[in-house]
Amino acid sequence: MKHRLAIVLALVALWSAGIVWRLYHLQVVDHDDYRRKAEKQQQRVLELDAPRGTIYDARGRELAVSVAVESAFAVPREIGDAAAAARRIAPLLKLDATRLAALLATDREFVWVARKLDPPQAQALKAAKLPGIYFLDESKRYYPMRDVGAAVLGYVGTDDHGLGGLEAQFEKVVAGVPGRRTVLRDARSGTLATPDHEISEPLPGRDLHLTLDAVLQSVAETELARVVAERHAKSGSLVMLDPSTGAVLAMASVPGFDPNHFRSYPQESWRNRPVMDAYEPGSTFKMVTAAAALEGGLVDPDDIFDCEMGGITLAKTRISDHKPFGLLTFREVIAKSSNVGTIKTALRVANRPFYDTIRAFGFGRLTQIDLPGESAGLLMPVERWGPIAKAYISFGQGISITPLQLASAFAVVANGGRLLRPYIVAEVGDEGGRRSLHAQPEVVGEPVSRRTVATLASLLTSVVTDGTGKSAAIGGFPVAGKTGTAQKAVPGVGYLPDEFIASFVGFAPLDRPRVVVAVVVDDPKGGYHGGDVAAPVFKTVVERTLLYLGVRPERETPERWPGEPEPTEEPKTTVQVAERQETAAPATEAPAVVAAGPLLPDLAGMTARQATSQLTRLGLRPVLLGNGVVERQEPPAGAPLPARGGAVQVYLAAGVS
């Protein structure tokens with residue numbers, strides 16, 4: 001009996017020793033290891049989005065900001081009745097109650113209920129005081145001007161990553177550095193505690209300062225949306241550049257969207273059309289054909305072309321004009337937009353120099369603007385040109401371009417001959433350290449000489465004064481530009497007989513251009529010509545832009561100002577004549593004012609070619625207005641010679657010899 005009792009006691013002692021030994025290991029030897037494992041099971045490391053940098057327009061207006069918001073999450077084991085909780089939460093946050101109930105019923109330690117709540121939603125959920133529901137501070141992207149510049153700005157997803165536009169292009173700049181926060185469920189109170197370790201605060205992203213002006217952007221979008229609605233068109237594009245720098249002042253796409261709720265709109269409306277959409281330009285491309293011929297000395301504005309009353313046959317292919325024309329000067333060919341006259345001009349230019357001129361104006365390649373998704377357009381290599389390819393390309397068929405490329409090419413004419421790289425982000429950073437990205441305009445090339453540019457400006461002016469672009473004329477602001485009406489081409493189908501793209505591109509004021517604007521309207525109804533559809537949009541937008549920029553119109557001083565009474569005849573008075581009149585001293589002639597330096601020559605009676613030649617020899621830029629020979633000039637003959645590169649307006653009139 002004693003022997004058995006000893007065995008039992010020994011076993012109990014061994015068992016007790018084992019328990020003690022095990023407890024010793026758990027509580028002392030392996031304490032730190034088990035503590036770390038326990039914390040790891042109870043804690044969760046969250047990555048918190050950093051506030052994205054603010055995007056400002058050219059005058060410091062906020063276009064995109066990050067605001068502090070709260071996100072709601074749940075600890076499911078503390079919820080209790082998941083279905084009941086879901087029924088209370090769902091209507092407050094506009095969520096699906098069934099899906100939310102399934103989420104709250106899981107055995108996970110942490111689930112998001114809803115992220116980046118609007119303040120009223122967060123307050124309502126807090127007021128419900130539901131067990132197991134907690135909140136964390138985050139930031140949310142907000143676009144205070146809603147759809148203004150939306151396609152340019154882009155949008156961000158729920159994870160605060162840029163998904164389009166500048167938000168995507170400059171993601172690494174504006175995103176900042178995310179923070180890390182460890183959340184731990186407190187076993188006693190059921191609330192959350194934040195340990196001291198593994199905490200880092202988010203670092204805000206850097207700001208973007210754009211060249212885009214919100215006022216001009218709003219004007220552009222409003223007028224473009226109006227014409228798209230009135231004409232029941234499919235879409236519209238507008239781009240406005242500063243021709244002296246290449247800076248984008250406005251870039252509009254219609255239809256647009258509100259980036260605060262971008263998922264509520266069709267994906268097609270997210271496109272930045274002036275950059276992404278390539279199309280056949282039609283007659284706006286005749287400027288490039290004219291440039292190639294003028295640069296080669298192969299045509300003169302006064303040369304006569306037989307436009308053959310409506311069509312020309314090349315390689316057994318009949319190419320029609322938009323209306324029959326007989327004999328036209330080259331100036332009239334451009335002003336009236338004759339296809340036949342333009343084809344005959346292109347035939348004077350060899351294929352290679354014509355192709356090189358097209359490339360030199362920036363077509364068939366990216367402009368490298370700082371926006372994503374840019375299309376290079378389509379320009380067939382010259383080696384693959386067929387017998388009539390040049391004829392079609394000369395008037396804008398068989399080539400595709402973007403509205404941005406078109407505006408950049410016309411900026412060459414406006415700024416005296418430089419092709420500039422367009423850009424929209426001027427500076428990066430905040431007041432503590434802003435860095436300019438474009439301190440100087442980036443010159444990509446000089447496609448043609450200044451003399452050719454001067455002649456092109458004159459030809460394009462005739463389009464507005466005497467040709468197809470009269471609807472683009474602005475009182476007090478001389479305008480140069482070109483209309484375009486192109487049949488839509490569908491790959492594999494050909495040209496659609498009843499769908500067109502109407503466009504107009506131009507610049508103003510003629511003397512010192514401040515803006516270049518290209519307007520493109522896709523498939524307008526009730527009239528499709530560029531002069532009827534796009535030119536009026538150009539007029540309205542540019543007129544309001546110039547007034548906004550403080551550009552004074554060129555008007556003659558009126559004889560009587562508005563509100564000023566009409567002059568009345570002076571009352572007659574009787575003058576008493578003295579019996580003896582003093583001999584008046586002879587009036588002294590005012591001394592003649594002799595201007596220092598060279599004076600402007602008198603151009604009256606010269607042909608356009610003679611006047612252009614004389615002014616360019618003096619380093620001046622002739623601006624030819626009208627047709628015929630020189631009738632008058634501004635500044636007048638005998639005025640001090642303007643600074644080199646200055647403009648001289650030459651008014652031409654027919655019938656004067």
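Reader: Hi! What share of the 657 residues in the protein chain is buried?

Author: Buried residues make up 48% of them. Here buried means under 20% relative accessible area, exposed means over 50%, and partly exposed lies in between, with a 1.4 Å probe and protein chains only. This is a predicted model, where local features need pLDDT of at least 70 and side-chain atom pairs count only at pLDDT 80 or more, while totals for chains, interfaces and linings use all residues. Residues are numbered from 1 along each chain as its sequence is written, and side-chain values use heavy atoms, with hydrogens and water left out.

Reader: Thanks! How many helices and strands does the protein chain have?

Author: The protein chain has 19 helices and 26 strands. These are DSSP runs numbered from the N terminus: helices are H or I with at least four residues, and strands are E with at least two.

Reader: Which strands form the open sheet?

Author: Five strands do, in the order 12-11-23-22-21, with antiparallel pairing. Two strands pair if DSSP finds at least two bridges between them.

Reader: And which strands stand at the edges?

Author: Strand 12 (248–254) and strand 21 (480–490) do. Each has a single partner strand, so one side of each is left without a neighbour in the sheet.

Reader: What lies across strand 11 and strand 23?

Author: That is helix 16 (residues 403–415), which also lies across strand 12, strand 21 and strand 22 (494–508). Helix 16 runs at about 150° to strand 23. Axes are lines fitted to C-alpha atoms, for helices over the stretch in contact (heavy atoms within 4.5 Å), and angles run from 0 to 180 degrees between N-to-C directions.

Reader: New topic: which residues line the largest cavity?

Author: Leu 241, Asp 242, Pro 243, Gly 246, Ser 408, Ala 411, Leu 419 and Leu 420 line it. Helix 16 turns up again here, as helix 16 and strand 17 (419–420) each supply at least two lining residues. A cavity is a set of points on a 1 Å grid over the protein atoms alone where a 1.4 Å probe fits but cannot get out, and lining residues have an atom within 4 Å of a point.

Reader: What volume does the largest cavity have?

Author: About 40 Å³. Grid points are joined across faces, edges and corners, and a volume is the space filled by probe spheres set on the points.

Reader: What about the largest pocket, what is its volume?

Author: The largest pocket has a volume of about 880 Å³. Of its 28 lining residues, the closest to its centre are Lys 116, Asp 118, Lys 140, Asn 260 and His 261. Strand 4 gives the most to the lining, with four residues. A pocket is an open set of points with protein on both sides within 12 Å along at least five of seven lines.

Reader: Back to burial: why is helix 13 largely enclosed by the rest of the structure?

Author: Seven of the eight residues of helix 13 (residues 339–346) are buried, so the rest of the structure largely encloses it. Among the buried ones are Asn 339, Val 340 and Ile 343. Their cover includes helix 11 (286–295), helix 12 (330–336) and helix 15 (389–394).

Reader: Last one: is Thr 357 buried or exposed?

Author: Thr 357 counts as buried, because its relative accessibility is 12%. Thr 357 sits in helix 14 (residues 351–360). Leaving aside neighbours within four places in sequence, Thr 357 is in contact with Val 288 and Ala 292.
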